[in-house]
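Below are some exercises, each followed by a worked solution.

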Amino acid sequence: MTATMHLDVVSAESAMFTGTVRELIAPGILGDLGIMPGHAQLISNLRPGELRYKTEDGEAASLFVSGGILEVQPTVITVLADTAVRAEDLDEQLAEEARKRAEDALQGKDPADLDYETIQAELEAAKAQIEMIHRVGKTLRS
C-alpha cells in the first residue's frame, strides 16, 4: 500500500490543486470524510465547507468549497467543486454580507417569489466561509 495519493481539485473557474497528498478531509454531505491512502472507492456529494489536505512533504493546506462531488479511486482523488477558494483569499466582510442578504431574503419576501433552496444554499455557504475564516485565522495566529 502506498503512503500517498494523487489529488485533483477543480472548479468551473480553474484547477485549484493538483499534487500528491498524505490525507484529505472533505466536507461530505452527511459529515466530514477522512481519506487516507488505501481508502475504499466512493463517490459523495460535498456540502459547503473546508477541504483540508496534507501534502506529501507534510504541509497542511485548505480550500473552501461551496459544494460539489468527491470521487475516491485506489490512488487518485478527484474533487469537482461548484466553487473553490483558497483559504487566504476568503473575505470575511463579503461572507458576512452574503449571510445577511440570505437571511433577509428568507425573512422578508413573498413566499411565492422565494427560491428557498437557492437562498438556503447561499446562507450555508456564507456560514461555512465565516467558520473557516475563523478556524484558519486561529491556526495562523498560534
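## Exercise 1: Charged pairs

The side chains of Asp32 and Arg47 form a salt bridge, 3.1 Å from N to O; a salt bridge here is a side-chain nitrogen of Lys or Arg within 4 Å of a carboxyl oxygen of Asp or Glu. This is a predicted model, in which local features need pLDDT of at least 70 and side-chain atom pairs count only at pLDDT 80 or more, while totals for chains, interfaces and linings use all residues. Residues are numbered from 1 along each chain as its sequence is written, and side-chain values use heavy atoms, with hydrogens and water left out.

**Task.** Find where the two partners, Asp32 and Arg47, sit in the chain, then work out how many salt bridges the structure holds.

**Solution.** 
1. Start with the elements: helices (H or I, at least four residues) and strands (E, at least two) are DSSP runs, numbered from the N terminus.
2. Asp32 lies in strand β3 (residues 31-35) and Arg47 in the loop between β4 (42-46) and β5, so the pair links distant parts of the chain, 15 residues apart.
3. Next, check the cover, where buried means under 20% relative accessible area, exposed over 50%, and partly exposed in between (1.4 Å probe, protein chains only). Asp32 is partly exposed at 46%, and Arg47 is partly exposed at 29%.
4. Now count: the structure holds two salt bridges. Arg52 and Glu50 form one of them, at 3.8 Å from N to O.
5. Arg52 is partly exposed at 26%, whereas Glu50, at 10%, counts as buried.
6. As background, side chains of opposite charge can pair when their charged atoms come close.

## Exercise 2: The nonpolar core

**Task.** Which residues have the most contacts inside the largest nonpolar core, and which strand supplies the largest share of this core?

**Solution.** 
1. Set the rule: a nonpolar core is a set of buried Ala, Val, Leu, Ile, Met, Phe, Trp, Tyr and Cys residues joined through side-chain atoms within 4.5 Å.
2. The largest such core has 20 residues, and those with the most contacts inside it are Leu7, Val9, Leu24, Leu51, Leu70, Ile77 and Val79.
3. At least two core residues come from each of β1, β2 (15-28), β5 (49-55), β6 (60-65), β7 (68-72) and β8 (76-81).
4. The largest share, five residues, belongs to β2.
5. Apart from this core lies another, of eight residues, including Phe64, Ala87, Ala125 and Ala128.
6. To put this in context, nonpolar side chains tend to be buried together in soluble globular proteins.

## Exercise 3: An aromatic pair

**Task.** How many aromatic pairs does a search of the whole structure find, and are Phe17 and Tyr53 buried or exposed?

**Solution.** 
1. Apply the rule: rings of Phe, Tyr and Trp (its six-membered ring) pair if their centres lie within 6.5 Å; planes under 30 degrees apart count as stacked, over 60 as edge-to-face and the rest as tilted.
2. The search of the whole structure finds one aromatic pair.
3. Phe17 and Tyr53 form this tilted pair, with 4.5 Å centre to centre and 40° between the planes.
4. Phe17 in strand β2 and Tyr53 in strand β5 are 36 residues apart, and their pairing links distant parts of the chain.
5. Phe17 counts as buried at 15% relative accessibility, and Tyr53 is buried at 6%.
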